Amino acid sequence: MSPLLTVENLRVGFGADPRANEVVKGVSFALEVGKTLAIVGESGSGKSVTALSVNRLVDFGGGRITGGRILLHRAAGPLDVTAAGDAEMETVRGRDIGMIFQEPMTSLNPVHTVGEQIEEAFGISRGLRGAEAARAAKEALERVRIPDAAARLKYYPHQLSGGMRQRVMIAMVIAGNPRLLIADEPTTALDVTVQAQIMALLAELRRETAMSMIFITHDIGLVAGIADEVMVMQNGVAVEQGELSAVLDHPQHEYTQHLLQAVPHFENGAAARRDDDGPRKAPIVSVDNLVVRFPVGSGLFRKPGAVHAVDGVDFDLAPGETLAIVGESGSGKSTTARAILGLVKAARGRIEAKSGRSRRPLQMVFQDPFASLNPRLDVEALLAEPAIANGQRVDAALRERMRFLLGKVGLGDDALTRYPHQFSGGQRQRLCIARALMLNPDVVVLDEAVSALDVSVQARVLDLLIDLQHEFGLAYLFISHDMAVVERIAHRIAVMYAGQIVEIGDAAAVLATPQHSYTRRLIAAVPAIERRKQQFAVDATQVPSLVRPAGFEPPPARWREAGADHRVRVED
Amino acid sequence: MRILVALIRHPSGRIGALIIALYLVVAVLGAFGITPHNALKQFPIDRLKPPSGTYWFGTDLLGRDTASRLMLGIGQSFVIAFASVALATLAGTIIGLLAAWWSGVWDGVLMRLMDVFLAFPAILLALLIIAIVGPGTFTSVAAIAIVYTPIFARVVRGPALSLKQRDFVDAARTFGSSQWFVLTRHLLLNLVAPLTVQITLALAWALLTEAGLSFLGLGTQPPAPSLGVMLADSKNLMQHAPWLMLFPGLTIMLGILGFNLTGDALRDILDPRTQRRSA
């Protein structure tokens, strides 16, 4: 096997004194032609900076290579990327090394059609112009399995879904026929089913073109299907590197072991919680035929209509249990949660919450722990807010409760005088949980509450949530897109698709014997280390548009019973 | 306090802060009558004296001491500038916050009204208001405040609109926090940084507008000294007594420079991108 890329003792620093602020501290690896290297690590591990150094894009982010060599083996002989000039790098980028990024919307130019952008890529890399370039662009779109490619060339990026945009990005990159593709978290911003589609596409393209790939991800579960070699990074150092199955099956370094253990393994319902105590109690929250619509197109020339964000949702939540609502972006799961708390107006339907221990039995924890805490208030003021809102005074008793709850979520008393920016993401989410518990609620709505956290932090916050549930008898409405996380915490699961619940029931039953075709797709898309031998077919199923003309009513749902506590919507 | 320390560490902020501090000291001394000479007293023998040991900045046509008059003039200009900017901040912040909070029709009505005011050049609008109400210190304050209110409304409305969408405002609604609490604690508190910068820059403009109005005889009325009045008095004597024009002119320029340097420095200091480093 011939080597394509050799990286020796790479060091990269940032800021005015790059040597003092090193983010990558001596990383070495070699990549052979046609092979894929996965770089795995949590945020701040230096994985992206390492990859961005290979095509020297790191220069544009303020980084400086402070040591080491990066040898790119070309027909003309090896090129030391660290010493190459700007002009030389321009011949490398796009031609030898292609790159796709995390966020496909921001990497495409919004004012040009995707056709123009792919044609431009062909113009630069192969000098194609006019009709020739247009034909090449169409072929490229077909290669990335975009249905109806000729018509899609005239689309602007905003008219395409996230998965389609990422395919367009990939089409632009393969236009240059690169020998090395760097994929920097290419599926992190995408839904799970779309992620599975893109992963399958990348694997197929790699087989077809024999190109090498550096695949960067935070999700060690994702590397199984695509990588030949794995490098695990922590704090700028490669703690473990080696062949895929060696690293996954016999991890040597304790951080790799920790990562593999922390990543939620999806076990098809086998790991579902079994701590129910007896028969279900009377529901504390019951939602009946909830409908939320957002009007669109009230202009002069456009037909009025509405986005049917939530279309006839009903479920019950019993005290002390966790109901997980699972679905992808746009499925209406967050809107359902917000409607229950009165943050968006329901067009129709009944939401009944029994007043339990306090005047506000429902509280919420949001997805982004950075946005849900006012940065100008200290922790004492943040925790006092719910109490003040309910007419309590900030006195010794209230402070005692603050300290009690901070202790419960694993933060010390000294936290009271600190500000949100002095905490890490996981600690902030603990603060949000403590704040939600200030009023002693019966129900906590957790809207993607662990999605923004690194896997190891995620596992600890999930454990904390389960402990708190037992101790305070809380009921959770747990909104998530992540099947593996849901399996850990849910007693019951409702699967939402296009604004409607398509399947609801006991967690173990839904995960072990999914009945609805969407539930099956969702479960099949979960990345897992165990499924590395499995091959996925590339499919391009799209979520239907939820914009309906005014006055549209969905046909009444028909349900069928699939078990004692397991209902499935009948598909047409 | 943290901001003040950062301001003194900032290279140009230090100069700006020093100038403003100097002006404030001079203005306070002037207000207590601690001036080299009586600013209003005329010394008929010493008319149009050039700068000297007795009269540091010379004397005017009536034999009044320019240095003493400048000290009082700075005080007068500062009082009007600070009062008008305070009023403009108050009114603009309320209008901007309410426009963002209510949004929809009220947002449109309030902000279009602000646009109407913004469409006029500042000095022209101030002139118009004074022409209607009549000259005087209070009218100057009111006119300058009205002129700069729309700018504050705009500065507040934009960030307030985006703050309103943040999760912590939604969280507050789930606790049942009052509108007043959300407006003050969650919106206003996060607007302190842009407002501080804007206030400093507005002080510079207000100083200039006040001088302009007084120059035209519509601001401070003689014999009370004001930078604009002194400049106006000097214009016929420019060739005989250039110091009469030079010193008020320099005083205005230096004052505006001070506020602008401070404003720019505050903008650097309070910018969230640089803030993380200091935190």
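Biologist: What is the strand order in the open sheet of six strands in chain A?

Modeller: First, a word on what we're looking at: this is a predicted model, where local features need pLDDT of at least 70, side-chain atom pairs count only at pLDDT 80 or more, and totals for chains, interfaces and linings use all residues. Residues are numbered from 1 along each chain as its sequence is written, while chains are lettered from A and ligands numbered from 1 in the order in which they are written. Now the general idea: strands of a sheet pair through backbone hydrogen bonds, either parallel or antiparallel. Here the order is β6-β7-β8-β3-β9-β10 of chain A, with mixed pairing. Strands (E, at least two residues) and helices (H or I, at least four) are DSSP runs, numbered from the N terminus, and two strands pair if DSSP finds at least two bridges between them.

Biologist: Which are the edge strands?

Modeller: β6 (97-100) and β10 (237-243) of chain A, as each pairs on one side only. β9 (residues 229-234) of chain A pairs with β10(A) in the antiparallel sense over six bridges. One to look for: Met231(A) has Gln241(A) in β10(A) as its bridge partner.

Biologist: Which helix lies across β6 and β7 of chain A?

Modeller: That's α7 (residues 162-175) of chain A, running at about 175° to β6(A). Axes are lines fitted to C-alpha atoms, for helices over the stretch in contact, and angles run from 0 to 180 degrees between N-to-C directions.

Biologist: How many helices and strands does chain B have?

Modeller: Twelve helices and zero strands. Its C-alpha atoms fill a box of roughly 75 × 45 × 30 Å along the principal axes.

Biologist: How many residues of chain A are in contact with chain B?

Modeller: Two residues are in contact if their C-beta atoms, placed from the backbone, lie within 7 Å. By that rule, 19 residues of chain A meet 18 of chain B. On the chain A side, α12(A) gives the most, with four residues.

Biologist: Which residues have the most contacts inside the largest nonpolar core?

Modeller: A nonpolar core is a set of buried Ala, Val, Leu, Ile, Met, Phe, Trp, Tyr and Cys residues joined through C-beta atoms within 7 Å. Buried means 20 or more other C-beta atoms within 10 Å of a residue's own; exposed means 12 or fewer, and partly exposed is in between, with C-beta atoms placed from the backbone. This core has 238 residues, and the ones you want are Ile214(A), Leu477(A), Val495(A) and Tyr148(B). Its largest share, 14 residues, comes from helix α9 (residues 192-215) of chain B.
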